[in-house]
Amino acid sequence: MVAMMMASMTLSAKNDKLQYVATWTTAIQKVEPHNLAPAPYLSGNSLRQIVEVSFGGKEVALKLSNEFNTEETEILGVELAEAESQGAKSGIIGKSTPLTFKGQRGVTMKPGEVIVSDLVPFKMKPRMNVAITIHFGKASQTDVTGHPGSRTSSYIAKGDTKDFSGAVETAHWYYINSLLVAVPKGKFASIAAIGNSITDGRGTTTNGQNRWTDILSKRLLKNKKTKNLSVLNLGLGGNCVLRGGLGPTANSRYERDVLKQEGVKYAIVFEGVNDLGGSRDGEATAKQLIESFQKMIRLAHEKGIKIYGGTIMPFKGNNYYNESREKGRQMVNEWIRTSGEYDGVVDFDAAMRDPEQPDRLNPAFLFENDWLHPNASGYQAMGDAIDLGLFTK
């Protein structure tokens, strides 16, 4: 795929004391048919999407992606504004700030292209809910790049408009990839968390912004030593490390989502349950997962990134479970905890398992009794269980 990062190069050329760091991002994929935009669709219409950032800033840029499209996507204009809510309403507070692309209001993304807007002044506070409004020209209805599991409402209004009073609501993100902040070099950084639906937030509250990554971000911002760190949620529902699953595998997207992500200083790898849940031989799959994690560690260290392993949570009671897969989970977790290859451990398993039956989740944290995904209280416990000291090293 083609990737055009002209704005990043321009920023570096103009001021070598600044750098881009992502304060918000999402993992992208080709959107499945059942997750496509509803009528009146995107082509010729306006889309308002709401994201909650980590730290704030005074100058920002927006990254958009057409990576999984085989057709051009025409954008007539884009604006940023403070959102009225965390997603439950489409309204904005105050005036919107128009973005430009090489000085122009509109831009056409070629198939496979990633673009970054020009840098614009925008007063963004920590944990601000930012409304990103995109006005589309010609856009495919069936060939779309996006993030299905937004856990946040987006709004489609007819025509090139700023009036969203009668907009159609949909719980997906389309084309938005990252919000970047221009910050002094070495003063700010990001934590990239790559994972599956448990990182993506299945079981959280829609428009609640209460994934474990959100909980971690709020804790970091309250700590003087870590207040300049963003948490980037790179979870994809149904994602696998090795093969199959939904979206690009963690192996195939690791370079894009972690290694080349703007400003990454730390990474958390919390993957593997979907690989084990679909495996015929849990121990053989565990060995393959460990090999993949070892490669991720090596590549991260080559980039100067500290990388932490998240232990795989129990899933007895779910149809994923059998004795072979449980042995595989224990093998992976033992390696994460004792091998010393990761720079540290985020022990989600210990935080979330049932004290009485450690091969299953704590019943207090169950979402829809599927024995795999946590509820909102579970995500709170996950975010609270992470040692902030990992991010002061």
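1. Let's start with a pairing you can find quickly. Strand 5 and strand 7 (residues 107-109) run antiparallel and are held as a pair over 3 bridges. If you want a spot to look at, Thr73 sits opposite Met109 in strand 7. One thing to keep in mind as you read on: this is a predicted model.

2. Strand 5 has other partners too. Strand 10 (residues 129-136) is joined to strand 5 by 7 bridges, and the two run antiparallel. Here Gly77 faces His135 in strand 10. Strand 6 (residues 92-98) also pairs with strand 5 in the antiparallel sense, over 4 bridges, and Glu79 stands opposite Pro98 in strand 6. As background, strands of a sheet pair through backbone hydrogen bonds, either parallel or antiparallel.

3. Is strand 5 mostly covered or mostly open? Mostly covered: of the 11 residues in strand 5 (residues 73-83), 8 are buried.

4. Now for the nonpolar cores. The largest one has 40 residues, and Leu64, Met124, Val130, Ile132 and Leu179 have the most contacts inside it. Take Met124 as an example: leaving aside neighbours within four places in sequence, Met124 is in contact with residues including Val53, Phe55, Val60, Val130, Leu179 and Val181.

5. In what order do its 5 strands come? The order is 17-16-18-19-20, in an open sheet with parallel pairing. Strand 17 (229-235) and strand 20 (344-346) are the edge strands, each pairing on one side only. On average, neighbouring strands of this sheet are turned by 25° against each other, direction ignored. For a close-up, strand 18 (residues 264-270) and strand 19 (residues 306-310) pair in the parallel sense over 4 bridges, with Ala267 opposite Ile307 in strand 19.

6. Helix 3 (residues 212-222) packs on that sheet, where it touches strand 16 (189-195), strand 17 and strand 18. Its direction makes about 175° with that of strand 17. Why call helix 3 largely enclosed by the rest of the structure? Because 8 of its 11 residues are buried. Those buried residues are Trp212, Thr213, Asp214, Ile215, Leu216, Ser217, Leu220 and Leu221. They pack against strand 16, helix 2 (197-200), strand 17, strand 18, helix 8 and helix 9.

7. On to the rings. The whole structure holds 13 aromatic pairs. Phe315 takes part in an edge-to-face pair with Tyr320, at 6.3 Å centre to centre and 90° between the planes. Phe315 also pairs edge-to-face with Tyr321, at 6.2 Å and 70°. Phe315 is buried, with a relative accessible area of 0%, whereas Tyr321 is partly exposed at 23% relative accessibility. Elsewhere, ring pairs link Trp212, Phe270 and Phe348 into a cluster.

8. The loop between helix 8 (348-352) and helix 9 (376-384) deserves a visit, and Asn375 lies in it. Is Asn375 buried or exposed? Asn375 counts as buried because its relative accessibility is 17%, under the 20% cut-off. A polar atom of the Asn375 side chain lies 3.2 Å from the backbone oxygen of Leu366. Leaving aside neighbours within four places in sequence, Asn375 is in contact with Gly203, Ala364, Phe365, Leu366 and Phe367.

9. Pro40 lies in the loop between strand 2 (29-30) and strand 3 (46-52).

Definitions and conventions:
Residues are numbered from 1 along each chain as its sequence is written. This is a predicted model: local features need pLDDT of at least 70, side-chain atom pairs count only at pLDDT 80 or more; totals for chains, interfaces and linings use all residues. Side-chain values use heavy atoms; hydrogens and water are left out. Rings of Phe, Tyr and Trp (its six-membered ring) pair if their centres lie within 6.5 Å; planes under 30 degrees apart count as stacked, over 60 as edge-to-face and the rest as tilted. Buried means under 20% relative accessible area, exposed over 50%, partly exposed in between (1.4 Å probe, protein chains only). Two strands pair if DSSP finds at least two bridges between them. A nonpolar core is a set of buried Ala, Val, Leu, Ile, Met, Phe, Trp, Tyr and Cys residues joined through side-chain atoms within 4.5 Å. Contact means heavy atoms within 4.5 Å. A polar contact is a pair of N or O atoms within 3.5 Å; within protein, one must be able to donate a hydrogen and the other to accept it, and residues adjacent in sequence count only if both atoms are side-chain atoms. Axes are lines fitted to C-alpha atoms, for helices over the stretch in contact, and angles run from 0 to 180 degrees between N-to-C directions.
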